[in-house]
Amino acid sequence: MLDFASILTVVLPVYLTMVTGAAARKLRILPQEADAGLMRLAITILTPCLILERVVGNEAVMKPGPVIVAASLGFGLVVLGLAISYFVAPLIGLKLHEGRRTFAVSCGLQNYGFVAIPIVTALFPEKGTLGVMFTFTLGVELACWTACVGLLTGLDKAPWKLALNPPVITILLALLLNFSGLHGYIPEVVHLTLGMMGACAVPLAVMIIGASIADIWGQERMRWSIAVMAPVLRLAIIPLAFLAAAIYLPLELQLKRILIVQGAMPSAVFSIMIARHYGGHAPTAVQCVLATTVVSLATAPVLIAWALKMLEL
């Protein structure tokens with residue numbers, strides 16, 4: 001049984017990698033000019049390699065039914081988080097055009113990718129669990145480009161086509177290979193190459209996330225109502241929905257594990273970009289990301305350990 005101390009040793013390296021990225025930025029080892037190219041490399045080449053290596057031939061994602069369930073939960077839980085946060089926002093004085101919608105997006109969208117991947121990989125090293133997580137993220141991506149951006153721009157203007165990005169296309173391709181049986185014809189040398197390249201994706205992306213956080217740290221005066229309420233919602237209230245789904249729905253073991261880790265994640269750094277590009281209130285997104293990221297260092301190990309023990313996973 002995984003306890004708090006063992007889970008802390010898994011979660012802490014992810015945050016230390018962020019700190020390394022932040023230090024590299026401050027020491028000018030990792031200049032801002034390099035971010036776009038490195039992140040593009042991670043998203044268009046390295047992450048697809050990781051996805052193919054973990055999904056193709058994965059026994060846990062060989063049938064459409066479990067994939068649809070995982071993707072539906074990914075979509076539905078983000079939308080639920082958005083709704084909860086949107087209706088709570090006025091309680092701390094946030095109004096429309098003054099950060100209410102951005103607060104909802106930032107609290108509702110968890111850091112579902114590069115922060116969650118190394119934690120899932122370390123806690124559950126068998127190939128199946130991470131493969132299931134990628135099917136879960138299909139729904140999260142759809143929610144991101146429809147519900148999240150749509151809340152800021154209006155649903156009719158949401159750029160839903162952007163949900164068909166390289167990682168999503170790769171997941172769909174990998175699933176097609178599985179469903180068709182063609183996965184069995186992929187040579188072992190290809191799997192090894194994909195694994196080697198895919199292993200580079202997460203540490204590179206997490207360092208860039210840390211560098212990005214270093215860039216925004218201190219730029220905006222902290223609004224303490226947001227700094228308190230965002231962690232309460234993102235790291236305490238919204239995770240209850242993830243936990244309820246894991247407890248009460250008849251789900252596969254791997255998906256239950258994914259729900260627990262995903263529920264413990266802080267706000268997505270990507271929500272800052274969404275706010276800046278689609279008419280949101282960027283300072284609110286920055287404060288949500290900073291507050292939840294800092295607090296999650298303490299809460300994520302506690303929540304994951306408690307939930308895994310309660311569900312006997």
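Biologist: What makes helix α4 (residues 100-108) largely enclosed by the rest of the structure?

Modeller: Count its buried residues: 8 of the 9 are buried, so α4 is largely enclosed. Buried here means under 20% relative accessible area, with exposed over 50% and partly exposed in between (1.4 Å probe, protein chains only). A helix is a DSSP run of H or I with at least four residues, and a strand a run of E with at least two, numbered from the N terminus. Please keep in mind that this is a predicted model, where local features need pLDDT of at least 70 and side-chain atom pairs count only at pLDDT 80 or more, while totals for chains, interfaces and linings use all residues. Residues are numbered from 1 along each chain as its sequence is written, and side-chain values use heavy atoms, leaving out hydrogens and water.

Biologist: Which residues of α4 are buried, and what do they pack against?

Modeller: They are Arg-100, Thr-102, Phe-103, Ala-104, Val-105, Ser-106, Cys-107 and Gly-108. Their packing partners are α3 (64-88), α6 (127-153), α10 (224-248), α12 (270-277) and α13, where contact means heavy atoms within 4.5 Å.

Biologist: Why is Thr-47 called buried?

Modeller: Its relative accessible area is 6%, so Thr-47 falls under the cut-off and is buried. Thr-47 sits in helix α2 (residues 32-55). Leaving aside residues up to four places away in sequence, Thr-47 touches Ala-42, Phe-114, Pro-167 and Ala-201.

Biologist: And how do you know that Ile-213 is buried?

Modeller: The value for Ile-213 is 11%, so this residue is buried too. Ile-213 belongs to helix α9. Not counting residues up to four places away in sequence, Ile-213 touches Met-18, Val-269, Leu-290 and Thr-293.

Biologist: What makes the reach of helix α1 (residues 4-26) close to the expected one?

Modeller: α1 has 23 residues and reaches 32 Å from its first C-alpha to its last, against 33 Å expected. The expected span is 1.5 Å times one less than the number of residues. Among the buried residues of α1 are Ile-7, Val-10, Tyr-15 and Arg-25. Their cover includes α2, α5 (116-123), α9 (201-216) and α13.

Biologist: Why is α11 called roughly antiparallel to α13?

Modeller: The axes of α11 (residues 253-263) and α13 (residues 282-310) cross at roughly 155 degrees and come within 9 Å. That angle is why α11 counts as roughly antiparallel to α13: the class takes angles over 145 degrees, while under 35 is roughly parallel, 65 to 115 roughly perpendicular and the rest oblique. The contact is made by Ile-260, Val-261 and Gly-263 of α11 with Leu-303, Ile-304, Ala-307 and Leu-308 of α13. These residues divide into 6 nonpolar, 1 polar and no charged; Ala, Val, Leu, Ile, Met, Phe, Trp, Tyr, Cys and Pro count as nonpolar, Asp, Glu, Lys and Arg as charged, and the others, Gly among them, as polar.

Terms used. Axes are lines fitted to C-alpha atoms, for helices over the stretch in contact, and angles run from 0 to 180 degrees between N-to-C directions.
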